[in-house]
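Hello,

Here is the structure for you to look over. My notes on it follow below.

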Amino acid sequence: MPEGDTVWRAAGQLHRILAGQQLTGCDIRVPRFAATDFTGDRILEVVSRGKHLLIRGEPDAAISDRASSRGAEPWTIHSHLKMEGLWHVYGRGEPWRRPAFKARCVLETADRIAVGFELGFLQVLSATEEAAAVGHLGPDLLGPDWDAPEAVRRLASDPDRPIGLALLDQRNLAGLGNVYRCELCFLAGVHPLTPVAAVPNLPRMVELAHRLLQANKNRSTRSTTGRLRGDTLWVYGRDRRRCLRCSTAVAHDQVGDNELELRDVYYCPHCQPHRGHIA
Ligand SMILES: [Zn+2]
């Protein structure tokens with residue numbers, strides 16, 4: 001499941017092959033932006049912001065005809081992988097490893113093709129619009145401006161909210177998805193429905209989130225147990241199997257701010273007791 005570490009890695013890979021390159025082809029397969037064509041423009045950089053991926057470019061004034069009509073306005077292709085999305089990079093003529101009908105964005109340079117498949121979300125923005133689109137995000141766990149005290153402050157500002165929901169709220173801190181949410185609650189020894197105010201050491205939990213994402217950002221196997229094969233996670237996806245610490249059967253439930261946003265949670269009933277649980 002794509003979380004902040006996955007998106008960070010995808011942005012790094014795309015940046016290495018696209019940054020500084022001129023686009024020789026551009027196909028955005030989303031109805032609203034189907035007519036948008038950045039062919040001839042130059043990619044400036046590709047960055048992640050939490051779980052959002054931003055491809056920034058600008059018209060090449062010397063080459064692009066559009067530069068005269070649009071000025072030299074920079075643009076951003078803003079995408080979110082959601083549940084199934086991923087980016088692949090191919091050499092020219094190399095067969096795609098996913099069906100073409102699942103491609104949502106195809107960017108070509110002289111020798112490479114970057115394809116975004118099944119992107120849960122994609123839009124084209126101006127620089128100003130980009131600031132508005134991602135400006136609400138909390139401190140980015142993998143960003144150069146990571147700010148742990150600010151993340152703690154934002155989490156603590158809603159003390160009655162279950163910690164399992166607060167961790168997923170990207171306005172508090174950006175980059176955690178469902179896997180890390182479950183694992184962090186296990187490592188902190190708290191049930192996911194524990195109110196934020198009842199979490200024994202919130203700064204330590206935030207610091208752990210940062211350490212886990214940093215440790216996993218450069219590897220394809222996500223591990224919270226320190227193992228890179230076998231039991232790589234403590235509880236996520238382990239319903240009905242034994243807790244790795246105490247052998248109690250791992251429980252599986254669904255929680256969300258409302259019935260439309262229910263997400264799976266996994267926890268050990270013994271290692272993660274309800275603390276100040278609000279029914
Ligand atoms: Zn346990």
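**Domains, sheet and first helix**

The chain splits into domain 1 (4–134) and domain 2 (148–267). Please keep in mind that this is a predicted model. Taken over C-alpha atoms, the centres of domain 1 and domain 2 are 31 Å apart. Domain 1 gives 7 residues to the contact, and domain 2 gives 13 residues. Together the two domains bury about 830 Å² between them. Carbon and sulfur atoms account for 51% of that area.

Next, the sheet. It is open, with 4 strands in the order β1-β6-β7-β5. The pairing is antiparallel. β1 (25–28) and β5 (86–91) are the edge strands. Each has a single partner strand, so one side of each lacks a neighbour in the sheet. From one strand to the next, the twist averages 15°.

β1 and β6 (residues 103–108) run antiparallel and are joined by 4 bridges. In β6, L107 is the bridge partner of C26.

Helix α1 (residues 4–18) packs on this sheet. It touches β5, β6 and β7 (112–117). The direction of α1 makes about 30° with that of β5.

The length of α1 checks out. At 1.5 Å a residue, its 15 residues should span 21 Å. The end C-alpha atoms of α1 are 21 Å apart, which agrees.

Which residues of α1 are buried? They are G4, D5, V7, A10, A11, L14, I17 and L18. Just after α1, G20 has a positive phi of about 85°.

Best wishes

Conventions:
Residues numbered from 1 in each chain as written. Predicted model: local features only at pLDDT ≥ 70, side-chain atom pairs only at ≥ 80, totals over all residues. Heavy atoms only, no water. Pairing = 2+ DSSP bridges. Helix = DSSP H or I, 4+ residues; strand = E, 2+ residues; numbered from the N terminus. Axes fitted to C-alpha atoms, helices over the stretch in contact; angles between N-to-C directions. Contact = heavy atoms within 4.5 Å. Expected span 1.5 Å × (residues − 1). Buried < 20%, exposed > 50% of the residue type's maximum accessible area, 1.4 Å probe, protein only. Domains from an automatic or database assignment. Buried area = accessible area lost by both parts, 1.4 Å probe.
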